[in-house]
Amino acid sequence: MGQQCAVWRNEFETLRALYTESDRGSGKVVMINGPIGSGSAMLLQRFAEWVTDQGALVLNATCSRAERTLMLGVISQLFHSTTLPPEATAMASQLLGDDLMDAETAESEPVTIRQVHARLIHNLATTLLDLAEDRTVVIGIDDLQYADGASLQTLLYLQRRLRSARIMLVLNEWTPPRPTHPLFDAELFRQPHCRRLRLELLTRDQVTGMVRERLGDTNTEPLVDQALAITGGNSFLLNGLLEDTLAAMPDRNPADPVAPVTGPGFAQAVLTCLHAWEHSLVRVARAAAVLGPNSSARRLARLLRVDAETVNEALCVLGDAGLMNEARFRHDTLREAVLDGTSPNQRTTLNVRAARMLQHEGAESTVVASHLVAAGPVKDGPWMVHVLCSAAEQALVDDKVQEAIECLKLAHLACEDDGRRAVIAVKLAHIEWRVNPSAAAQHLTTLRLAFDTGALRDTDVPAVVSYLLWHGRFEEATDLLGRWKDTSAEARAQLTAELRWVYPSLLLSHPGLLPAHPVDRKPTDSFTDQPLDTAAAALDAALSDGKDDLALRGAQQVLQGCRLGDTTVRPVSVALVALVVADRLDEATRWCSILSQEAGARGATTWQAQLEATAATIAYRRGDLAEAEKLAAASMATMSPQSWGTSIGAPLSILLLALTGLGKHAEAEAILRRAVPQSMFETSWGLAYLYARGCYHLATDRAYMALSDFFACGEKLLQWQMDFPRLIPWRTAAAEALLALGKREQAEELARQQLKLVGNSSSRVRGVTLRVLASVCDVQARPAILRDSTELLRQVGDKLQLAHGHNALSRAYQELGDFGKAKHMAERAAELMELCGTRQAPPKNRGPQDQEVRELPSATPRDVDCFTVLSNAERRVAGLAALGHTNREISRKLFITVSTVEQHLTRVYRKLNVNRRSHLPTELSLNIPDPA
């Protein structure tokens, strides 16, 4: 017995016992029933193989729906078997070729034998009985439900005469909801030698047996439950599933767990089961697949426009076969297989009809819209547009952006009202902007035409202008603004606030376009209720001397009061920039993280990319170069360059600065070879790019090229009246380039100009400016200026600029002949550069006496945590000492006596196991607690 028949062990044993009785001359008839795909055909085949080995003559026939009206079609198959003796074949051919065989007389049910056919049937049955004289004859007939009436009558004639013959008749049919051949069944089971075997769906143990036989005994347990859930115990489906699973893992390690794979074998098995019965079975299955979770017997009948009885019969067959549970498929893979096997035209028709039906029933708009989207681009009246737009709104509430886009695209195609189409196009552009600005740009021409025809609402013009500007289409934006007359003051004010920072050249070149002039930037202590105005005011404050607290308050008002959305993403972005410019990096980092998570959860790719670029800027200002490089690269990978438009300068500039700082000059050069839109240089992002490019040229000893970029950047900033060092500190960068060219006086002039502009604010720009200014001052005054510089840079937490400050201090001490301090500052600079993640640390400046100084031991032992063993007071003293301040300078800064400083340092040395300030950990200088 084949191993697969182990799953039908009891049934197979019953067949063997009945065969033994038949072999002894007591003929038997067996009817095997079971649901579609229950394995009755496989059982019949395995039994035929077994009786052949026992020496029996096996005659097989398979009935077909196509031949059910072909008279004696089944019997003809039996007598054309290759195992039949030649004389029997010749006799049967003569009988079946008789002129009495006429297709027009064929019946689908066994009826009273006509006189003209009586002799034919008698002779055919007699031939079979004669064959049983020599050996046992086993006749197997599969799919009996499709047998023709004459063949059924012949079988009945034979079964009445085989009680004392060595014949076993095995019939196989799928169990229909009602008897296919009631007269045949009634006649057949009147005889005592007739038996019925009922096959059921496979149990878990039987599924386990089949899985182990096909895949082996190892690690298949997880597959069994999944296979049972998918197939419902249908052996035909299970065979298809295992066939696909085996094909997907030709080199499988027996120890690895196996997951089921549904492929062409499984899909074909599903379709075969559906086509095994009447066509109504396929129709009901397709309709149920289209309706999905909304399927019910009542809805299926309405959708197919058939009576309830037809639907219930089909559902009964599908349920018995394990494909469906009530009116729904038991597993999504079954539904998908049915949908894949349905032609596109059929699916479209069913989906449209389903949408109409569900709309009439008052179903939710999202449910109705799902069928309209599945149907594709069709027009079915205004109701369709209303449903799709309503579903899109709900999808946005649920943060299902792609669903909203699909609904609006279809609504836009289906809408025949120009005004409504324009409104839909604007909404579609808003939503597509979240995930792909280049896709949203496809609607801009349509929206401009809608404006020309008066179909576009005035309140939608700012959004269209913003999108045109994003892609550098300045002339179109200017033209649209110039013809924008009748609109609300609120919309005009919002657009003005946006243009003033991102596209200042537009308003400066066309000051009459909008009423508010962008150069009027006077910070105020009060903020409006408009988020963009408040954010702009906060940025104004951040750029002004001594207004950092005001900037923080305004930015927090915007960030705490706005949920990330189409209309709030701009004020939120400006508020974040205000925090960054004001050096409130901790607060900016916190909000950037919160907003990034929100953007990711809502599927807003564009917002995510912009926030990653902001996070990269924050990382760079902290001196975390490796992190800045990673975040900037991630933001560029999140969106294509086409989607970035003119704003590509934002991530590009930070990536270029980070690569330059890390010493990855070849990679930075590759970034510069990337094509950028020329229109980018008419935006603030373009100026940031110019500044970053200048820094790269300066780092690669191209001082003249660097100076050209810095001056070009400064010229634009002055022209646009945006010359704020905290925004782009071009003067200090240009001063460093001038110093490289030996032009000290010009460098000093630029540095003093910038120092005057930044005022007394405690910022990184002032710290950097002091460092540059110190380089042109007398060497005796240089250390004090540099210590002030490093203190400012420490407060804002910029490790990169702090490292440059320590390096400058090292050079100053070396010129003064204090080689111990010079070496100490150089080592601090090197440690800080390592914390920045750079490959190249600033060179250590060694004096001639340095050769006599032995290498210093490593600082704090690795097992000592300086932040836990020291008190806050000790950390404050130790941190300032690590920065290079003398004991007297520390006492003045902390308002304590020199003796107290010495006592604190003595305890610090003992706790950290060091013996001099040059051994103090660099981390102490970056985390000095504020005084109580």
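Predicted model: local features only at pLDDT ≥ 70, side-chain atom pairs only at ≥ 80, totals over all residues.
Student: Which geometry describes the aromatic pair of phenylalanine 681 and tyrosine 689?

Tutor: A pair of aromatic rings is described by the distance of the centres and the angle of the planes. For phenylalanine 681 and tyrosine 689, the centres are 5.8 Å apart and the planes stand at 70°. Planes over 60 degrees apart count as edge-to-face. The pair is accordingly classed as edge-to-face.

Student: Why is the pair of phenylalanine 711 and tryptophan 730 assigned its class, and what is that class?

Tutor: The ring centres of phenylalanine 711 and tryptophan 730 lie 6.3 Å apart, and the cut-off for pairing is 6.5 Å. Their planes meet at 70°, so the class is edge-to-face.

Student: How many residues apart in sequence are the parts that the pair of phenylalanine 711 and tryptophan 730 ties together?

Tutor: Phenylalanine 711 belongs to helix α37 (residues 703-719), whereas tryptophan 730 belongs to helix α38 (residues 730-740). The pair therefore links parts whose separation in sequence is 19 residues.

Student: Which accessibility class does phenylalanine 711 fall into, and which does tryptophan 730 fall into?

Tutor: Phenylalanine 711 has 36% relative accessibility and so counts as partly exposed. Tryptophan 730 has 6% relative accessibility, so its class is buried.

Student: How many aromatic pairs are there, and which residues form one aromatic cluster?

Tutor: With ring centres required to lie within 6.5 Å, the count comes to ten aromatic pairs. One aromatic cluster is formed by Phe12, Tyr19, Phe47 and Trp50.

Student: What is the relative orientation of helices α18 and α19?

Tutor: The axes of α18 (residues 382-397) and α19 (residues 401-414) come within 8 Å and cross at roughly 160°. The crossing of α18 past α19 is left-handed. Since angles over 145 degrees fall into one class, the two helices are therefore roughly antiparallel.

Student: How do the residues of the contact of α41 with α42 divide?

Tutor: Helix α41 (residues 782-796) packs with helix α42 (residues 799-815) at about 165°, their axes being 9 Å apart, and that makes the helices roughly antiparallel. Among the residues that meet are Arg782, Leu786 and Arg787 in α41 and Gln801, His806 and Glu815 in α42. The division is eight nonpolar, four polar and four charged.

Student: Which residues is glycine 472 in contact with, leaving aside its neighbours within four places in sequence?

Tutor: Glycine 472 sits in the loop between α23 (461-470) and α24 (474-482). Its C-alpha lies 8.6 Å from that of glutamate 682, although the two residues are 210 apart in sequence. With those neighbours set aside, the contacts of glycine 472 are Thr646 and Ser679.

Student: What percentage of contacts between residues at least 6 apart in sequence joins residues at least 24 apart?

Tutor: The chain contains 48 helices and seven strands, and 55% of its 932 residues count as buried. For contacts joining residues at least 24 apart, the percentage is 70%.

Terms used
Residues numbered from 1 in each chain as written. Heavy atoms only, no water. Axes fitted to C-alpha atoms, helices over the stretch in contact; angles between N-to-C directions. Helix = DSSP H or I, 4+ residues; strand = E, 2+ residues; numbered from the N terminus. Parallel < 35°, antiparallel > 145°, perpendicular 65-115°, else oblique. Left-handed = near helix turned anticlockwise from the far one by under 90°. Phe/Tyr/Trp six-rings, centres within 6.5 Å; stacked < 30°, edge-to-face > 60°. Buried < 20%, exposed > 50% of the residue type's maximum accessible area, 1.4 Å probe, protein only. Contact = heavy atoms within 4.5 Å. Nonpolar A, V, L, I, M, F, W, Y, C, P; charged D, E, K, R; others polar.
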